[in-house]
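Student: I am new to this structure, and I would like to go through it step by step. Could you show it to me first?

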Amino acid sequence: MTLDELNIGQLARIQQVLDSPFKEKLQEMGCVPGVLIQPIFKAPFGDPIAYDIEGYTLSIRKSEAKNITVKPLDDLFKT
Amino acid sequence: MSNSKHLKIVLAGNPNCGKSSLFNKLTGLNQKITNVPGTTIENKLGVIKVNNTAINLVDTPGTYSFNPKSLDEEEAVKIFFETPKPDIILYIADSANLKRNLFYFSQLARKGIPMILVLNMLDVATFKGVEIDKERLEKELGIRVFKINGRTGEGVDEVKKTLDEDQFVPHFDFGEDHTNSHEQVYTSINQLLQKTTVQKTKRELVSNKIDKIATHPILGYMLFLGVLFLIFQSVFMLAEYPMNWIETGFSYFSEFLNGVMIDGWFKRLIINGLIAGVAGVVVFVPQIAILFFFMSLLEDTGYMARVSFIMDKMLRGLGLSGKSVVPLLSGAACAIPAIMSTRNIENWKDRLITIMVTPLMSCSARLPVYTLLISMAIPNTMVAGVFNLQALVLLAMYVLGTVAALIAAIGFKWIIKHDIPSYFIMELPIYHTPRWKNIWMTCWQKSLSFVKEAGKVILIVSVILWFLASYGPKPNKSFSLQEADNLEVSYAGKFGKVIEPTIKPIGFNWKIGIALITSFAAREVFVGTMSTIYSIDDEENFDQIRNKMKKDTLATGEPVYSIGVVLSLMIFYAFAMQCVSTLAVVYKETKSLKWPIIQFIYMTLLAYTGSFIVFNLFS
C-alpha cells in the first residue's frame, strides 16, 4: 500500500521510500522507514495531502506520496 | 578564546524554527544585508559585542539539510565551506519538532566546528506533550544547550553572555551520512531523543482547527479571496497619502534647486534627469512597502503556506507550483522583488516559468497609465446602479494581466524542456501570532532592495532619456547636437517618427512613440512624457493632460485619441515589457541573457498583437 491510499486519520508506518529524484528530500523531511505517519487533511480536489509526521505537518503531492510504501497500523492487528 | 579576535558566529537551523527572531533579538538594529560575492543572494550580518569581544553574527536562510534543493538553501550551506571557517555554529531548533530539526544538526556536527544548541518554541512542545531534559541533552551531545523563548526574548541574554566563551564540538555519534543512509541518521537521532525527551499525551493544536477552515474546499478559497481583497484595498487606500507627500516633497525640492542653481545644461540634468528619475522610484515605495508588509504578515503567521497548499493543484496544471503564489501576488506591486522571491522554488522549470510570467501581473507603475487612459475613454457612469464603470475597467485590467500570466505559463510549460519532475514537499508550519519585529524587518529590507535594484537602472535610463528628449541634431549637420526647443525636434522625437510606421497599425502616432520609448525607464513615465509633449507644467494635473490629448485631432478632424487608440494603448501597457530594471533582475536571477531576451520578445509580440486586434475591433 502506498501513502496516497491512506484515508484521513488512518495511522500507518512507513516501510520503504522508493527511488525518485525527490527521495532525498522526503528522507530529509523525516520520511524514513519505521516512522509513523497519518494523513490529517487534503487540499481541495484531494491533492496535495497534509500528513502528521514526527509531530509536524508535511504537505506532499499525491504523485510523490506514491513513492512511499506504508503499512497501516490496523493491519498489524489483523494479521 | 582571546579577546582581541573577531569571532564569526553563524546561525543555522530549519525554516520556521524562530531563527530570525533570535537573530533580531541578539543584534537589535545593528544589522545589515551583505551581498555574497558573485551572487545576488543576501546574507544578514549583525555585529555585536560580548564582554569586549567583537562578534560577527551571520544569519543564514533556513534549510532542512546540507544538500541544498533551492537557491536559498544553497546560500545557507555555502558559508560552512568557506575559509576561514565559522568559529561557532549557533544552531536553533524547534523543540516541538526536534527529530527533524536534529537531522540538519547532525550534518553540521560532522564539520568539526564548535556548536551551541538553542531550543526554541518550548511552549509548543509542552503543548504537544514533549518534555526535554536539557542537562541530559548537554551530556549526550557534549555541547552547551540553552532553552529560550524567541517570542518574549526569555533566555536570549544567557545565550548572548556565553558567546565569547569556549564552545565544544559535538561528540555524539550520528552514524555515517550519505544519501542512502539517512535512515541510519534518523535511528541515532531516535536513540538520542529516547534518552533525552519524554512524550506525554498531546492535545489538539489550535493550528489544526484553523486548517479545517483555511484548507476547506469552499471556505478556504473564500477566505483567500477575502484576504486578497483586503490587502489590495489597503494598498491603494493607505499608500495614497505617503505617495502624495513624496511627490510634493520632490516638486518642492526641484523648485528649490530651480531657484538656487545657475541656468544651464547641468541644472536641467539634475532637475529633469536625476531628480525626476529618483522621484519615479521613491514614489512607489509606499505601495510596495504596504504590500510586502501584508505578504510577510501572511508568511510569518503561517497562512501563506496554506495558500500554496490549496493553490498547488490548480497552478500545477499551468506549469507553475503552489510556491508561485507569493511571486505572482508580489508582482501586483513590482516585478523586481517578486522575481527575487522565486528563489525558494526548488524546481528550475517551475522557477523559470514563474519568473517569465510574473511581469504580466499589473504592477503599480501601470496604475497611473491606466488611470489617465481610463479617464479619457471610459465615461464616469454607474453600471447596475452600484458599480462605477471606470473602476470596473481598472479591475478588468488587473484580471487581464493575471489571466495573461497564467496562459503564458501554459505556453512555457510546453516550450521549456526539463527532465527533473517538480515536487511540492513542504512543511506547513503551525500558526503563529505575528512577530511584528520580524515583519517590519522583512518589509524594510525588501523595500530597500527594490530601491537599490530598480534605482540603479532607472537612474541611468532616466539620464539617457533626458538627454534624448532635450537634445537633437542640428539641421543639416547630423553629427553635432543642439538643445531641442521641443520634443519633436529632439532625438526622442526623431526616434518616435522613425518607429511611427511600425506602430501605425496599432493606432499609435509618433507622439505616443516617444512615450513608448521613454517608458523604458518605468511605465509611469508615460504620463510625464504626455505632459511634456502637450507642454503642461504640472505633471500631476490629469485633467489638463486629458483635455489637451482629447483636443488633438488628425488631419481629417477626427480625434487622435479615439476609443480604439486608448484601448489599444491600455492593452499595450498591460502586456509589453517596458521595464529595464525587471529585465536586469531576470538576467541576474537566471544568469543568462537568453531569458530576458525571450521575455522581452514574447511580451512585445503579445502586446503588439493584442493592441492590433483591439484597435481594429474598436475603430
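Student: How much of the accessible surface of chain A belongs to carbon and sulfur atoms?
Tutor: Keep in mind that this is a predicted model. The accessible surface of chain A comes to about 3,100 Å². The share of it on carbon and sulfur atoms is 52%.

Student: In what order do helices and strands follow each other in chain A?
Tutor: Start with the inventory: chain A has three helices and five strands. Reading along the sequence then gives the pattern β-α-β-β-β-α-β-α.

Student: What is the radius of gyration of chain A, and how does it relate to the globule rule?
Tutor: For 79 residues the globule rule gives 12 Å, and chain A comes close to that, so it is as compact as a globular protein of that length. Buried residues make up 61% of the chain. The radius of gyration of chain A is 12 Å.

Student: How far apart are the centres of the positive and negative side chains in chain A?
Tutor: Chain A carries 9 positive and 11 negative side chains. The centres of these two sets are separated by 4 Å.

Student: Which three residues supply 22% of the area that chain A buries against chain B?
Tutor: The contact involves 32 residues of chain A and 40 residues of chain B. Together the chains bury about 3,200 Å², with 60% of it on carbon and sulfur atoms. On the chain A side, more of the area comes from one trio than from any other three residues: Lys25(A), Glu28(A) and Arg61(A).

Student: What radius of gyration does chain B have?
Tutor: Chain B contains 25 helices and 14 strands, and its C-alpha atoms fill a box of roughly 90 × 60 × 45 Å along the principal axes. A compact globule of 619 residues would have a radius of gyration near 25 Å. The value for chain B agrees with this, at 28 Å.

Student: Is Ser308(B) buried or exposed?
Tutor: Ser308(B) sits in helix H12, which spans residues 303–317 of chain B. Its relative accessibility is 5%, and the cut-off is under 20%, so Ser308(B) counts as buried.

Student: Which residues is Ser308(B) in contact with, leaving aside its neighbours within four places in sequence?
Tutor: With those sequence neighbours set aside, the list for Ser308(B) holds residues of chain B. They are Gly322(B), Lys323(B), Val325(B), Phe424(B) and Met426(B).

Technical notes:
Residues numbered from 1 in each chain as written. Chains lettered and ligands numbered in written order. Predicted model: local features only at pLDDT ≥ 70, side-chain atom pairs only at ≥ 80, totals over all residues. Heavy atoms only, no water. Helix = DSSP H or I, 4+ residues; strand = E, 2+ residues; numbered from the N terminus. Rg over C-alpha atoms; globule rule 2.2 N^0.38 Å. Buried < 20%, exposed > 50% of the residue type's maximum accessible area, 1.4 Å probe, protein only. Areas by Shrake-Rupley, 256 points an atom, 1.4 Å probe, with all protein chains shown as cover. Lys, Arg positive; Asp, Glu negative; His and termini not counted. Charge placed at Lys NZ, Arg CZ, Asp CG, Glu CD. Contact = heavy atoms within 4.5 Å. Buried area = accessible area lost by both parts, 1.4 Å probe.
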